[in-house]
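Subject: The structure for you to look at

Hello,

Here is the structure I promised to pass on. Please open it alongside this email, and have a look before reading my notes.

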2 protein chains.
Amino acid sequence: MDHPSTEPCTCSALRRATRAVTTAYDAALRPSGLRVTQFAILRLLDRLGPTPVTRLAAEAALERTTMARNLDPLERRGLVRIAAGEADARERVVVLTEPGRAAIAAAMPHWRAAQARIAARVEPGAVAALAEALIAAS
Amino acid sequence: MDHPSTEPCTCSALRRATRAVTTAYDAALRPSGLRVTQFAILRLLDRLGPTPVTRLAAEAALERTTMARNLDPLERRGLVRIAAGEADARERVVVLTEPGRAAIAAAMPHWRAAQARIAARVEPGAVAALAEALIAAS
DNA sequence: CGCGGAAATGTGCATATACACGCATAGTGA
DNA sequence: TCACTATGCGTGTATATGCACATTTCCGCG
């Protein structure tokens, strides 16, 4: 081999696939005005109820500061509200608002469509399994 | 089901895995001063030789403007050089410099280590196959 | 040769992601 | 009560990513 630059990079392949899939989901969610990342945060919040930023980040396996910044556009649009913690003054508790709940509902059918389009060609379980394995390996 | 927010999102799972893997690769590449994205671009350039930005983006399946901006830090550090096209004045041809080549070489062992760590737990072929399927489905 | 469409870029804007620091509050042991 | 440590956050900086628009240059046709 004249060039070692031909060996495939697992990380790059993964990033590339993620870009493609994300673009597809974002396109599908377009009418709802949400991106898949934002939709995911809203859904998580819906599941967890009011949650401090750090815990929210942990649940999403996101860097804390990343989560905090990802919340900004959502707060600006009134989809979430951020309140000071009651027991602990350091905490900033994120709360899903009614408009936020409505945004989830509005986006849901588009999200399902995207999910279905992918599932038609790729076993969702396979993705989940591989994702888990990759996370464990990292 | 009281909450539809529990159904797993294929895209989010994938993004999460990619974050984890990227973090691992970036950590491994740390000593080289390159990120995995930058390393990938340099390697691509090494494979292709001098290439206009748009074609480089197409090869990497990256948005054109994204590629252009990803080149900025590399150019700033002198790892690539950007010259005006000779035949076509519109083109901006990206060229791998000697320091760029050296950077690849320096990063290579760290990259291999990261690759090996992942490969020990996850079949690289499986990732590649799934990535391809996902891209095709998007 | 001149014109109109196509191709290659650049720019502005918005979000996503993570690391290094620094601040404020909570909790704990002497 | 008073350090000391641990915890929850915010900010600064840098990169990564993509869309919408505007600009420049090329090329084929009349």
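Below are my notes on the sheets, the helices and the surfaces near DNA.

A word on provenance: this is a predicted model, in which local features need pLDDT of at least 70 and side-chain atom pairs count only at pLDDT 80 or more, while totals for chains, interfaces and linings use all residues. Residues are numbered from 1 along each chain as its sequence is written, with chains lettered from A and ligands numbered from 1 in the order in which they are written.

Let me begin with the sheet of chain A. It is an open sheet of three strands in the order 1-3-2, with antiparallel pairing (strands are DSSP runs of E, at least two residues, and helices are runs of H or I, at least four, numbered from the N terminus; two strands pair if DSSP finds at least two bridges between them). Strand 1 (51–52) and strand 2 (80–84) of chain A are the edge strands, each pairing on one side only. Strand 2 of chain A is joined to strand 3 (residues 92–96) of chain A by five bridges, and Arg81(A) has Val95(A) of strand 3 as its bridge partner. Helix 4 of chain A packs on this sheet, touching strand 2 and strand 3 of chain A, and its direction makes about 110 degrees with that of strand 2 (contact means C-beta atoms, placed from the backbone, within 7 Å; axes are lines fitted to C-alpha atoms, for helices over the stretch in contact, and angles run from 0 to 180 degrees between N-to-C directions).

Helix 4 of chain A also meets helix 3 (residues 53–60) of chain A: their axes come within 8 Å and cross at roughly 105 degrees. That makes the two helices of chain A roughly perpendicular, a label that covers 65 to 115 degrees. On the helix 3 side the contact includes Val53(A), Leu56(A) and Ala60(A), and on the helix 4 side Arg64(A), Met67(A) and Ala68(A). The contact residues divide into six nonpolar, one polar and one charged (Ala, Val, Leu, Ile, Met, Phe, Trp, Tyr, Cys and Pro count as nonpolar, Asp, Glu, Lys and Arg as charged, and the others, Gly among them, as polar).

In the loop between helix 3 and helix 4 of chain A sits Ala61(A), whose phi is near 55 degrees, a positive value in a residue other than glycine.

Chain B has an open sheet of three strands too, with order 1-3-2 and antiparallel pairing. There, two bridges join strand 1 to strand 3 (residues 92–96) of chain B, and Thr51(B) stands opposite Val94(B). Ala61(B), in the loop between helix 3 and helix 4 of chain B, has phi near 60 degrees.

Now for the DNA. Around DNA strand C there are 25 residues, of which Thr37(A), Pro73(A), Ala89(A), Pro52(B) and Thr54(B) come nearest (a residue is near a strand if its C-beta atom, placed from the backbone, lies within 6 Å of it). This surface comprises six nonpolar, eight polar and 11 charged residues, and helix 4 of chain A gives the most to it, with five residues.

DNA strand D is surrounded by 24 residues, the closest being Pro52(A), Thr54(A), Thr37(B), Pro73(B) and Ala89(B). Helix 4 of chain B gives the most to this surface, with five residues, and the surface divides into six nonpolar, eight polar and 10 charged.

Best wishes

Technical notes. Parallel < 35°, antiparallel > 145°, perpendicular 65-115°, else oblique. Contact = placed C-beta atoms within 7 Å.
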